[in-house]
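The sequence and the coordinates are shown first.

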Amino acid sequence: MSVLLAVGIVLSQAVPPEPPKAPAKEASPRPPPEDFDLLPAEAAPDAAATARHQELQRQLELRRKMLHLHQLAGITMLASLGATVVFGELDYLDKYGGHGDTGQWHLWHRWTAIGASALFAGTASLAVFAPVPVEKPFRLDTATLHKICMSIASAGMVAQIVLGIWTANKEGSLAQRDFALAHQIVGFTTLGAAAAGFTVLTF
Amino acid sequence: MLTLVALLLCAAPEGQLLDLREGTLTATVVHKLHEVKATTKQLEGRALVQPGGEARVQVRAKIASFDSGNSNRDVHMREVTHDAEHPYASVKGTISGVTLPLAAPLSATLHSTVELNGEKQPVEIPIKLTPAGGGVRATFSFPISLDAFKVERPDLFFVKVDDQVVIDGDLLFGAAP
C-alpha cells in the first residue's frame, strides 16, 4: 500500500513527458500552461463527499436568497421606521407643542408603527433563520457591527411597542407627557441604531 | 515492481524546485458604495526552474481562506464560486528566461491558466522577480473578469459588484528541501 502511495506521489510530482505534437499544433510556441502538476492533485470526491457538497451548496444558495430578501425587507423597514418617527414627532408636537391637539397625525403614526414593527420582525426572521452551513468564528467585523446595531434596534422596537401602548393608555393623565417623551427618545434611538446597522454594511 | 518504484523514486524532476514559503494574495472587488479587499495568506505553491530557463509555476489558495472583513460577504463569495465543488482558485503557468540564483530583479510574463469556479481562462500575468535571501520574491497584479469565470456577481443593495477583480500577489519562494 505504502509502495503504491509512493508511486502516486512521485507520479504526481514528476514532470510528464511532452505529448507528441500533432502537425497542426507545431506552430504553437509552447505547450498549454496548465499541462503539468507541481502540487499534489486534489483527491476525487467520493459519493458521500459529493452529497455533502451538494447539500452545502443548496444551503448556501438558500442562505443567499434569504439574505437577499433580508436586504429588500430591511430597506423597506428602514423607510417605514423613518416614516413612523416623522409621524410620531408630528403627533407629539400636535399634542404637546401648542398645535391644538387635533390628533391629525395619530392614526398615521399608529399604522406606520404597526407596519414598521411587522417589517422589522420579518426582516429579523430572514436573517436569524437563514442557514449557516459553514463555520463562522466570532470576530469584530462589519457583519458583527450590523448585528450589534440591529440588536439595539430590536430592543428599542420592543420597548417602543410597550411604551406606545402605555402612553396611549395614559390619556388624560399628567404623566402621559413623560411617557410620550420617553417614547420619543427611544424612537429616535431605535431609528439611529437601525440606520447605523444599515450604514455599516456599506463599508 | 520494486525496480519500477526505485526508478521512479530516483527520477526527480529535472531542474530546481522551489517551494512557496509565504505570501499574500489579495482580490480587490469594486462596488458602487465601496471597494473591498479580500486577502489570504494560506497559499500553496511550487516552481520548477528548468535548465533551459523556463520556470513552471503553480500556486493555489482555498476560496474559503479569503478574508474580506465581513464574514457574510466571504460566505457569499464561497457560494457564487461553488466552493463546495471547486474549493481552490489556482494559477499555473510558465515563465521564460529565469536563471537561479537571480542576479538582479527580472520583469517577465507568466503565461498562465487561471482556474476559478471550475472554469479555466488563459491570462498573461506581468510578474516581477527579485532575489530574496536564497530564493525569489514574486510580485504581480492582474485583472480577471468574474463573468468570464461564470461567477454570478454578488450584489449589495441590489447593485452588483464590478465585473473586473484585480488580483495582487506577493510571494516568496525558497529552495525545496
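The following paragraphs treat the helices of chain A and then the strands of chain B.

The structure is a predicted model. In chain A, helix α2 covers residues 47-96 and contains 50 residues. From the first C-alpha of α2(A) to the last, the span is 71 Å, which is close to the 74 Å expected at 1.5 Å a residue. After α2(A) comes A:G98, a residue with a positive phi near 80°.

Two further helices of chain A pack against each other: α4, residues 142-169, and α5, residues 176-199. Two packed helices are described by the angle between their axes and the distance between the axes. For α4(A) and α5(A), the angle is about 160° and the axes lie 8 Å apart. Because angles over 145 degrees count as roughly antiparallel, α4(A) is roughly antiparallel to α5(A). The crossing of α4(A) and α5(A) is left-handed. The residues of this contact comprise 15 nonpolar, eleven polar and no charged.

Helix α4 of chain A also contains A:S151. This residue, A:S151, counts as partly exposed because it has 13 C-beta neighbours inside 10 Å. Between the C-alpha atoms of A:S151 and A:D94 there are 31 Å, and the two residues are 57 apart along the chain.

In chain B, strand β3 spans residues 43-49 and is mostly covered, with five of its seven residues buried. Strand β3(B) pairs with β1(B), residues 16-30, and also with β4(B), residues 55-62. The pairings are set out below.

| Strands | Sense | Bridges |
|---|---|---|
| β1(B) and β3(B) | antiparallel | four bridges |
| β3(B) and β4(B) | antiparallel | seven bridges |

B:D19 has B:R46 of β3(B) as its bridge partner, while B:V49 is partnered by B:A55 in β4(B). Opposite B:S90 stands B:E115 in β6(B), and opposite B:L110 stands B:I125 in β7(B).

Two of the pairings are hairpins. Five residues lie between the strands in the hairpin of β3(B) and β4(B), where B:G53 takes a positive phi near 100°. The hairpin of β6(B) and β7(B) has two residues between its strands, and B:N117 in the turn has a positive phi of about 60°.

Notes:
Residues numbered from 1 in each chain as written. Chains lettered and ligands numbered in written order. Predicted model: local features only at pLDDT ≥ 70, side-chain atom pairs only at ≥ 80, totals over all residues. Expected span 1.5 Å × (residues − 1). Axes fitted to C-alpha atoms, helices over the stretch in contact; angles between N-to-C directions. Parallel < 35°, antiparallel > 145°, perpendicular 65-115°, else oblique. Left-handed = near helix turned anticlockwise from the far one by under 90°. Nonpolar A, V, L, I, M, F, W, Y, C, P; charged D, E, K, R; others polar. Buried ≥ 20, exposed ≤ 12 C-beta atoms within 10 Å, placed from the backbone. Pairing = 2+ DSSP bridges.
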